[in-house]
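My notes follow in the order I took them.

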Amino acid sequence: DSFLNCDEGRETMGKVGVYSQKDVGDWLEEQLRQRIKQPDIADTLHKFVESDDPVLPSSSTEVDESISEQSITNTFPLPIPGELRAVDVCGETTIKVTGEGQSIDWLGYGLKMDIPPGALPADDNCTIAIKAITSGQFSIPQHSEVVSSYYWIYSPRKFLKPVDVQLQHCARLSSEEDCSQMQFIIARCDQKELPYKFSIKNGVFSPNNRQGLISLANFSIIAIIRNAFSFTLLEPPDDIPRPLNNCYYVFKVFSRKLSSQNTWQFDIIITKDIEPYLKAIDSKYCSDSSSWIEDIP
């Protein structure tokens with residue numbers, strides 16, 4: 001029996017336009033036809049939903065041994081609302097979590113998550129999808145600059161308790177005043193029009209620490225910003241962009257010997273010292289290059 005089969009559950013489903021078995025069937029039929037490309041199954045489902053006394057064909061209750069669990073998973077992918085558009089993804093992963101809670105450290109991509117026990121029901125589990133993004137069509141708050149990578153986090157379950165999320169940033173924080181200039185930004189990925197628009201959320205930042213912490217129960221696109229005028233005495237006009245001071249940068253030199261002639265080519269790149277950015281650069285040049293990294297004050 002579903003927890004939605006009660007007055008509160010039916011009220012919740014009604015808010016998204018689902019009032020009956022037919023509404024659910026219509027949604028599934030649409031997904032089968034348009035997204036999963038299974039018109040025969042969609043036809044069977046349509047007849048089942050529209051019939052006065054809906055009963056599945058007896059053959060459908062028999063197990064077809066030729067169909068494995070993996071093939072079913074591939075045929076019916078989990079619908080992810082608000083798929084990402086117009087972004088550059090440099091890394092992605094999926095992580096299975098349970099109601100027992102766990103700590104997640106996405107090595108090499110600057111993200112950590114601490115899921116407390118009871119965030120999911122004890123007998124429940126789900127798979128979280130995460131993507132690290134270096135750039136995209138993003139509209140961030142005025143007078144600010146992004147000092148982290150963007151991260152897209154998706155969970156098919158809503159957590160019952162907030163989850164602590166830590167992101168790596170490149171800002172130099174030497175005092176509490178510096179920390180007060182730091183904030184998180186969050187955007188919904190199901191926006192119909194681009195660019196993605198972010199709202200500001202407060203987080204926890206500490207001096208001499210390259211991690212920002214925020215507690216969330218719902219996920220989407222998340223990043224860290226800093227006031228771009230933190231270290232200026234006079235604020236310039238709105239139409240004059242100003243780069244952020246006091247950040248960690250890396251200076252990378254990639255070298256390769258040109259085969260056609262006895263010369264060397266050097267590519268010099270300066271970028272913010274954030275792990276996903278370095279991953280993206282290395283993947284572009286990794287085939288035949290070497291690199292050295294230096295911190296730039």
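**Charges over rings**

I started with Lys131, which lies over the face of Trp152, 5.3 Å from the ring centre. The model is a predicted one, and I kept that in mind throughout. I then found a second case: the charged end of Arg210 sits over the ring of Tyr248, at 4.3 Å from its centre.

**Overall layout**

I stepped back to the whole chain. I noted six helices and 16 strands in the protein. Of its 297 residues, 34% count as buried. I also looked at contacts with a separation of 6 or more: 67% of them join residues 24 or more positions apart.

**Aromatic pairs**

How many aromatic pairs does the structure hold? I found eight. I looked up Phe138 and Tyr150: their ring centres are 4.0 Å apart and their planes stand at 35 degrees, so I logged the pair as tilted. Phe138 belongs to strand 5 (residues 138-139) and Tyr150 to strand 7 (residues 150-154), so the pair ties together parts twelve residues apart in sequence.

Are these two residues buried or exposed? Phe138 has 15% relative accessibility, under the 20% cut-off, so it counts as buried. Tyr150 is buried as well, at 8%.

Next I checked Trp152 and Tyr154, which form a stacked pair, with 6.0 Å centre to centre and 5 degrees between the planes. Trp152 is buried, with a relative accessible area of 4%. Tyr154 is buried too, at 13% relative accessibility.

I also recorded one aromatic cluster, formed by Phe138, Tyr150, Tyr196 and Phe198.

**Nonpolar cores**

Which residues touch the most other members of the largest nonpolar core? That core has 37 residues, and I listed Val97, Met113, Ile153, Phe159, Val165 and Ile222. Strand 4 (residues 125-136) gives the largest share of this core, four residues.

I followed Met113 further. Leaving out residues up to four places away in sequence, I found that Met113 touches Gln102, Ser103, Ile104, Ile128, Ile130, Ile153, Val163, Asp164, Val165 and Phe219.

Terms used
Residues numbered from 1 in each chain as written. Predicted model: local features only at pLDDT ≥ 70, side-chain atom pairs only at ≥ 80, totals over all residues. Heavy atoms only, no water. Helix = DSSP H or I, 4+ residues; strand = E, 2+ residues; numbered from the N terminus. Buried < 20%, exposed > 50% of the residue type's maximum accessible area, 1.4 Å probe, protein only. Contact = heavy atoms within 4.5 Å. Phe/Tyr/Trp six-rings, centres within 6.5 Å; stacked < 30°, edge-to-face > 60°. Lys NZ or Arg CZ within 6 Å of the ring centre and 35° of its normal. Core = buried A, V, L, I, M, F, W, Y, C linked by side-chain atoms within 4.5 Å.
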